[in-house]
Structure formats: C-alpha cells, structure tokens
Amino acid sequence: MKFAPYQVAALAELQRHRRLAVRSAHGAGKTTIAAVSVIWFAVSREAAGESWKVVATAGGWRQLQQFLMPEFRAWAGRLRWDLLGIAPWVPGRDLFDMGLRLAHGQAFAAASDDAQLLEGAHADQLLVIIDEAKSVPDATFDALEGAMAGPGQAFALAVSTPGAPSGRFYDIFQRKPGLADWSVQHITLQDAIAAGRISADWAQARREQWGAESPIYQNRVEGQFAASDEDGVIPLAWVEAANERWQAWQDLGAPVPGGRLVVGCDIARFGSDRTALALRRGNYVIEVRVFAQADTMTTSGRISGLLTQPTDLAVVDVIGLGSGVYDRLREQGKPVVAFASSNSSQARDRSRELGFVNRRAEAWWRLRELLDPAYGATLALPPDDQLIGDLCAPRWSISSSGKIAIEAKDDVRKRLGRSPDIGDAVVMALSVDSYAATGPLPSAVPWGAGGKVEGAAIPWKRDPDQPAGGFFPEGPPGPRDTWITADGPPRGPWPW
C-alpha cells in the first residue's frame, strides 16, 4: 500500500515543524498518518539511544482501541527490518495491543480524561498523538502542553474530521492567539479522491443524501468545520455520541439489552418512499430495517413476525397506508398502538414550560431530550448514514401559541429530496414508555394526560419522574385503544 501525497507531506511537516494539525474528510487516511508517526518516532529515537516516549489519546477510548493502535500494529508488521538494520519487534515482548515497549522508551495510549497521566508523560524526546481531536476537551490539550513543557524535544500531531466551529482543534485552524506554533493541513475532498482514498461516487451519494450545505456533509465529506443549524432539532454531535455508544455495545458482543422489544414502524406512503422499522430494547436502537413499498398484508406480516413475546409492541404511523397495517395487526391480536403525528399533545418539555403543537413535535423533542449530553444521555443509535441525516434534518420553532413546532415531514422531504423514513421510525420507537424500561410499564395512561384513569379497575397514573406521555397517542382512550396491566401484556380494548 502506497502513501498518498498528502500523507507524505504531513509526515514531513511534522518532522520539520514539530506541531501539526490535520483535518480531512472521513476515510482519507488520517489515522495512518498518526500510526506511521509513532513508528518513525520510536525507530529513530531508539536507534539514537535517546530516552523517548509516545502518548496517544483520542476523543474516545474506542478510537484508540479499535482504530489507532490496530493501525499502528498493522504498519509495524509491514516494516522491512532488513533495511532498517534492527531486530524486529516481537509481539508480547515489545509490541502489545495498546502500545510498544523498547529499551529506551515506550508508546502507550491514555484516555483523554486522564489529565494526570497525560501531564506526567515527560521524556527527552516526546511525541503526542491526538486522534479525533475535535472531541478532545480543552483541558486535555492543556494537560498535554504541560507534558511538552520540558527541556527536551516535543512533537505533537492532532488529526480529526472537523466538527462544530468550537474547541481547541478549531482554534488551532483559526490561528487563535497562542496557537501560531501549530502548522495546519486541510486534506480536501479532491485530494482524497485523487489519491484513491475516497470514492467520487460515495461523495456524490452523500451530497444527495445529506445536502451539500448540511453540517454532516461539510464535516464528513468536505472536511470543513460546520455546526448544526441553530434551529435544528438534534445536533450532529449528539447523534455521533449515540453512535459511539452503539459501537461500544457492539464491541462487547452486543449483549441483548434489558427491556421489551418496541418496533417503530414508518409505513411507505408514496412510490419513492420506503417502509422503515426501528427495533429498540431499553436504551438501544438495535437496528433499522428498510423495505421497498409493499402491500398492507406483506408489511403487516413483517411486523407481526417481530412481535414474538406478549410484552413486545409495535408503534405504527397511521397516516395513509399505515392505518391498514395497524388494523391488520389488531385483527391478529398483536400488541400495537397508533401514532398520528397531527394529533394534539398535552405534554410538556423537560422544563415543564413549553408544550407541543402536535404529537410529531412531542415525539421528536422527546428524542432530543434523550440525546442531550447535559442530562447524562445513554441512548445508543446505530451509525447508519441515512439515519444520521434524517435525525439532523428537521428544524424547530416556537408557534404563535408559544408551543414547540417541528418541521412537517412533507417539508423535510422537499428540502432533502427524499423522505426521512428511518428517522421517523426511530422517533416512534422511542415515543412510548420509559426508554430505559426493563419490562412492562409501571404505568400506562392516555398520551400526555395526568392523574388517575377512571372508568375501569385500572388505577394507573403518570409517573411524574418520566417525560409526559404513555401508551396512547390520541387523547382520551377509545374503543380502538389498548391498555396494559401491571403484570402482563396488552389486554385491549378499553373496557368502556
């Protein structure tokens, strides 16, 4: 495998300037630059008999464990030891899963929140690697500056896809005061395509999928800093954090999460639309499945086949063809509830200050609140390109009545050139019960209602510690609604 011209240029600039920050599109080969830099530093300093150290950190431990260190080991395995004139590194003695230990120095990985370890990484010859630097806190950069303040030679390499225009990585590229000693390199999309690292077809497909002006396209394809629109419902960074949680779960072998299965079902309405099913257990959206438009019976059969346990539940968009799917599932005795996005909502947001113009606004805002890192978000979402685009697309506003309104699906479709089917399916999968529930609900009430449900021997009331909502999407329960007992599956219909 040959280096791309920009990779060679980056390695030369690091040797010459000692501090280098590199930004590029996803897949351009930034991690390779970092991995080869570690090898260059270790081989050259070890050969000179100098005391050396390499410390590598990243925005998340997974980036180190799954990407940077495996890339380092892979390139170490390609070395021509006969040309170098040194003995090969022996796995288990010199080369380890997360580092390298030789006679005169070592390379190791450290979590970005371990400031004490990072600041204490002193050596006569020091190289600091900061992978996915956009996610590394300023305090970590400051700790690394402490490590680099010694009398010896210190080198630093920060690589990342860009994110929002904020943070130390962004400040370096803006040449903010005190950061002028960093050299910067932008690997453009054209550079990566010319080097064969990124497919022009892939870039064009993402442009059509996400929109050329969207933050996700600018960050991941153009390698530009860009923030989510101020009126966007869900920031890109929040979705990416949820993707990292999902990947970490996969790395553990994807153990089955606690909680019943909830299937959000967005049923295709137009010829180009697709039916999307989002499968969730607890706080994990396990997967999304997408199908071409099909008849009511076929779609109902696919959903019915997923509902194998009494506590499983389907949430079906009943606008258009979805009403037929809903009716068929009810005929089969399957646990299913209707989601009508245009219906009114009595719920309030987390602050209890704002209401919602309709169910669509309530459900989308609920997802926003579940992803908000300020409240210790744990929701995990699969890293699907279309899902990411769908979730970051809708905009919000405050209506004349002082309620939260979310951009209508038809308006999003016109703006994107496609329907946000997968995003809506995920929103519906998270629109019922506590997303961290581990079994049947402790309460089930009309959506957005509070207080005791009268009329039957079911003294449920809404849990005040949970976001407003429950099992029933359409105000007071009617004959088509189902209800749930404390110890079992849906029993519907309501007994009045």
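**Close-up views of a predicted model**

View 1. R360 is buried, with a relative accessible area of 8%, where buried stands for under 20% relative accessible area, exposed for over 50% and partly exposed for the range in between, computed with a 1.4 Å probe on protein chains only. The structure is a predicted model, in which local features need pLDDT of at least 70 and side-chain atom pairs count only at pLDDT 80 or more, whereas totals for chains, interfaces and linings use all residues. Residues are numbered from 1 along each chain as its sequence is written, and side-chain values use heavy atoms, with hydrogens and water left out. R360 belongs to helix α14, helices being DSSP runs (H or I) of at least four residues, numbered from the N terminus. Apart from neighbours within four places in sequence, R360 is in contact (heavy atoms within 4.5 Å) with F339, S341, I406, E407, A408, K409, V412 and D424.

**View 2. The packing of α14 on α17.** Helix α14 (residues 359–371) packs against helix α17 (residues 421–429) at an angle of about 85°, and their axes lie 9 Å apart; axes are lines fitted to C-alpha atoms, for helices over the stretch in contact, with angles from 0 to 180 degrees between N-to-C directions. The two helices α14 and α17 are therefore roughly perpendicular, a term for angles of 65 to 115 degrees. On the α14 side R360, A363, W364 and L367 take part, and they meet G423, D424 and V427 of α17. This contact of α14 with α17 has four nonpolar, one polar and two charged residues, with Ala, Val, Leu, Ile, Met, Phe, Trp, Tyr, Cys and Pro counted as nonpolar, Asp, Glu, Lys and Arg as charged, and the others, Gly among them, as polar.

**View 3. The packing of α15 on α17.** Helices α15 and α17 pack at an angle of about 75°, with their axes 7 Å apart, which makes α15 roughly perpendicular to α17. Q386, L387, D390 and L391 of α15 make the contact with D421, I422, G423 and V426 of α17. By class, the residues of the contact of α15 with α17 are four nonpolar, two polar and two charged.

**View 4. The covering of α17.** Helix α17 is mostly covered, as nine of its nine residues are buried. Among these buried residues of α17 are D421, A425, M428 and A429.

Terms used: Parallel < 35°, antiparallel > 145°, perpendicular 65-115°, else oblique.
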